[in-house]
Amino acid sequence: MNYQDIHFELRGDHSEVAVIRLARTAKRNALSDGLILALRDLFEQMPASVRAAVIDGEGPHFCAGLDLSELRERDAGQGLHHSRMWHAALDRVQYGPVPVIAALHGAVVGGGLELASACHIRVADASTFYALPEGSRGIFVGGGGAVRIPKLIGVARMTDMMLTGRVYDAQEGERVGLAQYLVPEGQAFDKALELALRVAQNAPLTNYALMHALPRIAEQPADQGLFTEAMMAAIAQSAPEAKQRLADFLEGRAAKVRKN
């Protein structure tokens with residue numbers, strides 16, 4: 001796969017992990033429309049061997065947000081369709097074929113935070129900082145951030161970030177839920193790749209359920225969520241791979257859970 005603003009490679013003994021690097025270092029990996037469309041296309045055409053993916057950014061920053069040099073005057077209809085294009089692309093990250101781990105470092109700002117929030121696991125290194133400067137720019141988030149980011153940190157914290165320009169450092173971001181892992185500077189990619197290789201070993205149907213069913217169950221009324229959970233559990237455990245894994249465990253061929 002060749003994309004102008006993305007470097008793509010496969011890792012793992014069986015090419016089971018896709019590494020996707022934003023490659024606009026001169027722009028701090030700011031998101032152009034071309035890059036967003038390339039992400040959409042990449043997730044729609046993911047090689048069949050891939051079971052997990054890592055999104056990283058080349059250079060000192062993960063992603064400094066929307067490329068403001070592309071921001072032009074649009075009427076309301078054009079603005080609506082532009083935002084919906086971003087929604088469709090980032091939906092392919094969140095609800096695509098494989099779990100996605102973000103390796104965060106440096107700026108995770110504006111649209112960069114929207115992209116990170118579409119990933120399933122976020123690993124930040126000590127250089128990471130988070131911000132939503134749209135309030136000071138006279139604009140509003142348009143890439144799904146108004147839906148995804150409050151689910152990570154709550155409406156009040158996102159409102160504060162946008163009203164005041166508050167910047168969270170790496171430690172604060174991990175504390176409030178912007179990242180699940182915090183590692184020393186320069187180690188975010190290695191940790192993200194380690195996690196991706198581990199995630200790729202899971203049963204594909206279980207990973208699919210975690211990506212597609214769990215977020216929807218969390219938004220359903222309790223009785224509907226429980227019914228959806230029961231159906232998903234029945235489907236997952238009926239898969240031949242699940243039956244083999246359970247047999248391996250019961251017959252002593254699988255490792256037991258232990259403290260790290």
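Q: At what angle do the axes of helix 2 and helix 3 cross?
A: This is a predicted model, in which local features need pLDDT of at least 70 and side-chain atom pairs count only at pLDDT 80 or more, while totals for chains, interfaces and linings use all residues. Residues are numbered from 1 along each chain as its sequence is written, and side-chain values use heavy atoms, with hydrogens and water left out. The axes of helix 2 and helix 3 cross at roughly 40° and come within 8 Å, where axes are lines fitted to C-alpha atoms, for helices over the stretch in contact, and angles run from 0 to 180 degrees between N-to-C directions.

Q: Why is helix 2 called oblique to helix 3?
A: Angles under 35 degrees count as roughly parallel, over 145 as roughly antiparallel, and 65 to 115 as roughly perpendicular, with the rest called oblique. The crossing at roughly 40° belongs to that remainder, and therefore helix 2 is oblique to helix 3.

Q: Which residues make the contact?
A: Helix 2 contributes Trp86, Leu90, Val93 and Gln94, and helix 3 contributes Gly111, Glu114, Leu115 and Ala118, with contact taken as heavy atoms within 4.5 Å.

Q: How do the residues of the contact of helix 2 with helix 3 divide into nonpolar, polar and charged?
A: Five are nonpolar, two are polar and one is charged. Ala, Val, Leu, Ile, Met, Phe, Trp, Tyr, Cys and Pro count as nonpolar, Asp, Glu, Lys and Arg as charged, and the others, Gly among them, as polar.

Q: How do you know what span is expected of helix 2?
A: The expected span of a helix is 1.5 Å times one less than its number of residues. Helix 2, residues 76–94, has 19 residues and reaches 27 Å from its first C-alpha to its last, close to the 27 Å expected. Helices are DSSP runs of H or I with at least four residues, strands are DSSP runs of E with at least two, and both are numbered from the N terminus.

Q: What does a side-chain oxygen of aspartate 75 reach at the start of helix 2?
A: That oxygen comes to within 3.1 Å of the backbone nitrogen of glycine 77. A polar contact is a pair of N or O atoms within 3.5 Å; within protein, one must be able to donate a hydrogen and the other to accept it, and residues adjacent in sequence count only if both atoms are side-chain atoms.

Q: Which residues of helix 2 are buried, and what covers them?
A: The buried residues of helix 2 are His82, Ser83, Met85, Trp86, Ala89, Leu90, Val93 and Gln94, where buried means under 20% relative accessible area, exposed over 50%, and partly exposed in between (1.4 Å probe, protein chains only). Their cover includes helix 1 (33–44), strand 3 (52–57), strand 4 (100–104), helix 3 (111–118), helix 5 (145–153) and helix 9 (204–219).

Q: What is the phi of asparagine 29, and what is its relative accessible area?
A: Although asparagine 29 is not a glycine, its phi is positive, at about 60°. Asparagine 29 sits in the loop between strand 2 and helix 1, and its relative accessible area of 0% makes it buried.

Q: What makes serine 15 partly exposed?
A: Serine 15 has a relative accessible area of 28%, and therefore it is partly exposed. Its place is in the loop between strand 1 (6–11) and strand 2 (17–22), and its phi is near 55°, a positive value in a residue other than glycine.

Q: How do you know whether lysine 151 counts as buried or exposed?
A: Lysine 151, which lies in helix 5, has 56% relative accessibility and so counts as exposed.

Q: Where do proline 215 and alanine 213 lie?
A: Proline 215 lies in helix 9 and counts as partly exposed at 24% relative accessibility. Alanine 213 also has its place in helix 9, but its relative accessible area of 11% makes it buried. Leaving aside neighbours within four places in sequence, proline 215 is in contact with Tyr95 and Leu210, and alanine 213 with Tyr208 and Met232.
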